[in-house]
Amino acid sequence: MAVSSPELNPPSAPSSHGGPADAMLAAKVSLRLVVIFALLAIILFASAGTFQYWEASLYLLAVWVPVSAVSFTLLVRNPAVIARRLQGNARSRSQRALVSAFRPLFFLMLFEPGLDHRLGLSRTITGPVPRSLTVAGDVAIVLAILFCGWVFQVNEFAGRTIQVEAGQRVIDSGPYGLVRHPLYAASLLMWLATPLALGSWIALPLFALLIPFFVLRAMNEELQLTRELKGYAVYCRRTPFRLIPFVW
């Protein structure tokens, strides 16, 4: 679920719809969604040791439905967005190092809520997560995913990496008028809401360790954008908050 935010909007060529290329792209998107959903379900229920884990079932629904809706809406309206995200562009050396350093944390995070459910740690140590808070976590996840869809509508070049090319300009409208890295902001909200949606107080501190990951990624990308993208420094002064409005 983690995504990056290039804040760039180079001109795009018009694309045809309904051709073989779009059909192939739709098939790739469908396959990727199925694989990701299946892996996530396996991790959650296997770590919990049971299918009697209603929080996981609701969480999977809260992720699957909006992600699928956003993906296929973009596929119809602007397939170039989906095609670009499926390419898996290479990261810079500093970005690769940062992702590699945090990758074990991402894997561990996916297992801990299920293990907590199996061992009953939160129920024993802190008391169970209230059902209302679990549902609120799922609602936050849905809203964050829909927010990502808004970001992609405003900036079709939003993605995992920064690629400054000729003709690109700074985007300052829509979500980019609120924070400079709206995709990171939405991703952070999704991750922080996940342990609550999965009914685990114990997992929350582990998920909170992602805060420095997004902070470091945002700062690293801004160094490159300030150097290479004309007008970005002015945009930063005009939009002072990186991830959370009125906070940072």
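## Helix packing exercises

In α6, the residues Leu133, Thr134, Gly137, Asp138, Ala140, Ile141, Ala144, Ile145, Phe147, Cys148, Val151 and Phe152 touch Pro182, Leu183, Ala186, Leu189, Met190, Ala193, Thr194, Leu196 and Ala197 of α7. Sorted by class, the residues of this α6–α7 contact come out as 17 nonpolar, three polar and one charged. Keep in mind that this is a predicted model.

**Exercise 1. Work out how α6 and α7 run relative to each other.**

Step 1: get the geometry. The two axes come within 8 Å and cross at roughly 160 degrees.

Step 2: apply the cut-off. Angles over 145 degrees count as roughly antiparallel, so α6 and α7 are roughly antiparallel to each other.

Step 3: The α6–α7 crossing is left-handed.

**Exercise 2. Check the length of α7 against what a helix of 16 residues should span, then say how covered α7 is.**

Step 1: α7 covers residues 182–197, and at 1.5 Å a residue its 16 residues should span 22 Å.

Step 2: compare with the model. The end C-alpha atoms of α7 are 22 Å apart, which agrees.

Step 3: look at burial. Of the 16 residues in α7, 14 are buried, so the helix is mostly covered.

Step 4: step past the end. Just after α7 sits Gly199, with a positive phi of about 75 degrees.

**Exercise 3. Take Met190 and decide: buried or exposed?**

Step 1: Met190 belongs to helix α7.

Step 2: use the cut-off. Buried means under 20% relative accessible area; Met190 has 3% relative accessibility, so it counts as buried.

Step 3: find a partner across the helix pair. Met190 and Ala140 are 50 residues apart in sequence, yet their C-alpha atoms lie 6.9 Å apart in space. Both residues are on the list for the α6–α7 contact.

**Exercise 4. Turn to the other partner of α6, helix α2, and describe how they pack.**

Step 1: α2 (residues 54–77) and α6 (residues 131–154) have axes that come within 10 Å and cross at roughly 15 degrees. That makes α2 roughly parallel to α6.

Step 2: the crossing of α2 past α6 is right-handed.

Step 3: list who touches whom. From α2 come Trp54, Glu55, Leu58, Tyr59, Ala62, Val63, Pro66, Val67, Val70, Leu74 and Arg77; from α6 come Arg131, Thr134, Val135, Asp138, Ile141, Val142, Ile145, Leu146, Gly149, Phe152 and Gln153. This α2–α6 contact holds 15 nonpolar, three polar and four charged residues.

Step 4: check burial on each side. Buried residues of α2 include Glu55, Tyr59, Ala62, Val63, Pro66, Val70 and Leu74. Over in α6, the buried set includes Thr134, Asp138, Ile141, Ile145, Gly149 and Phe152.

Step 5: check both lengths. The 24 residues of α6 should span 34 Å at 1.5 Å a residue, and its end C-alpha atoms are 35 Å apart, which agrees. α2, with 24 residues, reaches 35 Å from its first C-alpha to its last, close to the expected 34 Å.

**Exercise 5. Describe the packing of α4 and α9.**

Step 1: α4 (residues 93–119) and α9 (residues 210–228) pack at an angle of about 160 degrees, and their axes are 11 Å apart. That makes the two roughly antiparallel.

Step 2: α4 passes α9 in a left-handed crossing.

Step 3: in this contact, α4 brings Ser94, Gln95, Leu98, Val99, Phe102, Leu105, Phe106 and Met109, while α9 brings Leu210, Pro212, Phe213, Leu216, Arg217, Asn220 and Glu221. The α4–α9 contact counts ten nonpolar, three polar and two charged residues.

**Exercise 6. Look at Phe246 and say what stands out about its phi.**

Step 1: Phe246 lies in the segment after α10 (232–238).

Step 2: its phi is near 70 degrees, a positive value in a residue other than glycine. Most residues other than glycine have a negative phi.

Step 3: with a relative accessible area of 74%, Phe246 is exposed.

**Exercise 7. Zoom out: how many helices and strands does the chain have?**

Step 1: count the elements. The chain has ten helices and zero strands.

Step 2: Of the 248 residues in the chain, 45% are buried.

Step 3: look at sequence separation. Among contacts with a separation of 6 or more, 84% join residues 24 or more positions apart.

Definitions and conventions. Residues are numbered from 1 along each chain as its sequence is written. This is a predicted model: local features need pLDDT of at least 70, side-chain atom pairs count only at pLDDT 80 or more; totals for chains, interfaces and linings use all residues. Side-chain values use heavy atoms; hydrogens and water are left out. Axes are lines fitted to C-alpha atoms, for helices over the stretch in contact, and angles run from 0 to 180 degrees between N-to-C directions. Helices (H or I, at least four residues) and strands (E, at least two) are DSSP runs, numbered from the N terminus. Angles under 35 degrees count as roughly parallel, over 145 as roughly antiparallel, 65 to 115 as roughly perpendicular and the rest as oblique. A crossing is left-handed if the near helix is turned anticlockwise from the far one by less than a right angle, and right-handed if clockwise. Contact means heavy atoms within 4.5 Å. Ala, Val, Leu, Ile, Met, Phe, Trp, Tyr, Cys and Pro count as nonpolar, Asp, Glu, Lys and Arg as charged, and the others, Gly among them, as polar. The expected span of a helix is 1.5 Å times one less than its number of residues. Buried means under 20% relative accessible area, exposed over 50%, partly exposed in between (1.4 Å probe, protein chains only).
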